[in-house]
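Welcome! Here is a short tour of a ligand site and some ring pairs. Take a look at the model first, then read on.

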Amino acid sequence: MNISENLLKIKNQIPQKVKLIAVSKTKPNEDILEAYNSGHKFFGENKVQDLEKKYEELPKDIEWHYIGHLQRNKVKNIAPFVSLIHAVDSLRLLRKINEEAAKNNRTINCLLQMHIAKESAKFGLDINELKEILSSEEYSSMNRIKIVGLMGMATYTEDKTIIKNEFDYLKKCFDEIKKEFFGKSNDFKEISMGMSGDYDIAVESGSTMIRIGSIIFGKRNY
Ligand SMILES: *Cc1c(COP(=O)(O)O)cnc(C)c1O
């Protein structure tokens, strides 16, 4: 099996409207180019330094997704080119993204990360914190960011019922937030959930973006 075959296999298993983000973290440019040359354009990274370097070195029509925890002091490094920031988990971070987007004369698309897993180590907001941000005056004054949906990571477990419940909960929150804060606007439309081990369950629960690394590029050596 090679990278392009792995990609094709996954694409054949998911509805066409679900976007596949190939998570290339820790992987060399040649692996990314192999995927790119087979027609894939969407890649995800979780370290600012790696993303900057890959952006510089690789074709400019790649759509780069930042999927990791983002520190405020690093926003400026990716603001000129990042396509979607998946894991925004505070108003402070949003404020910074808004500032840096303005400096670059862009609007940056963001997802708010929800904490849906049992593990406390995972980042993210609960439903009340999420609503607090979206109701705040400051958020409504930010004109250089666009919240286009939610992101979440399920518990790392073999128990598919736990995973399914967590993804269903994220979908339920998405529907509620969309209704309450986004009305008829079609901007709020993405649910980023599902990784190599659980993307089939995520798609069943209504995922619109899956973030897949190891079953495309192979195991990572850290
Ligand atoms: C690494 C990573 C992924 C991809 O994980 P795989 O299990 O290799 O598919 C997805 N999302 C986030 C946030 C990640 O850090």
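A polar contact is a pair of N or O atoms within 3.5 Å; within protein, one must be able to donate a hydrogen and the other to accept it, and residues adjacent in sequence count only if both atoms are side-chain atoms. With that in hand, Ser214 places a polar side-chain atom 2.8 Å from an oxygen atom of the ligand. This is a predicted model, where local features need pLDDT of at least 70 and side-chain atom pairs count only at pLDDT 80 or more, while totals for chains, interfaces and linings use all residues. Residues are numbered from 1 along each chain as its sequence is written, and side-chain values use heavy atoms, leaving out hydrogens and water.

**Contacts of the ligand**
- The side chain of Lys25 has an N or O atom 2.7 Å from an oxygen atom of the ligand.
- For Arg220, a side-chain N or O atom is 2.7 Å from an oxygen atom of the ligand.
- The protein buries 90% of the 390 Å² that the ligand exposes when taken alone (areas by the Shrake-Rupley method with a 1.4 Å probe).

**Around the ligand**
- The residues surrounding the ligand (a heavy atom within 4 Å of it) include Val23, Ile67, Met151 and Arg211.

**Aromatic rings**
- Four aromatic pairs are found in the structure (rings of Phe, Tyr and Trp, its six-membered ring, with centres within 6.5 Å).
- Tyr55 and Phe81 have ring centres 3.8 Å apart and planes at 5 degrees, so this pair is stacked (planes under 30 degrees apart; over 60 is edge-to-face and the rest tilted).
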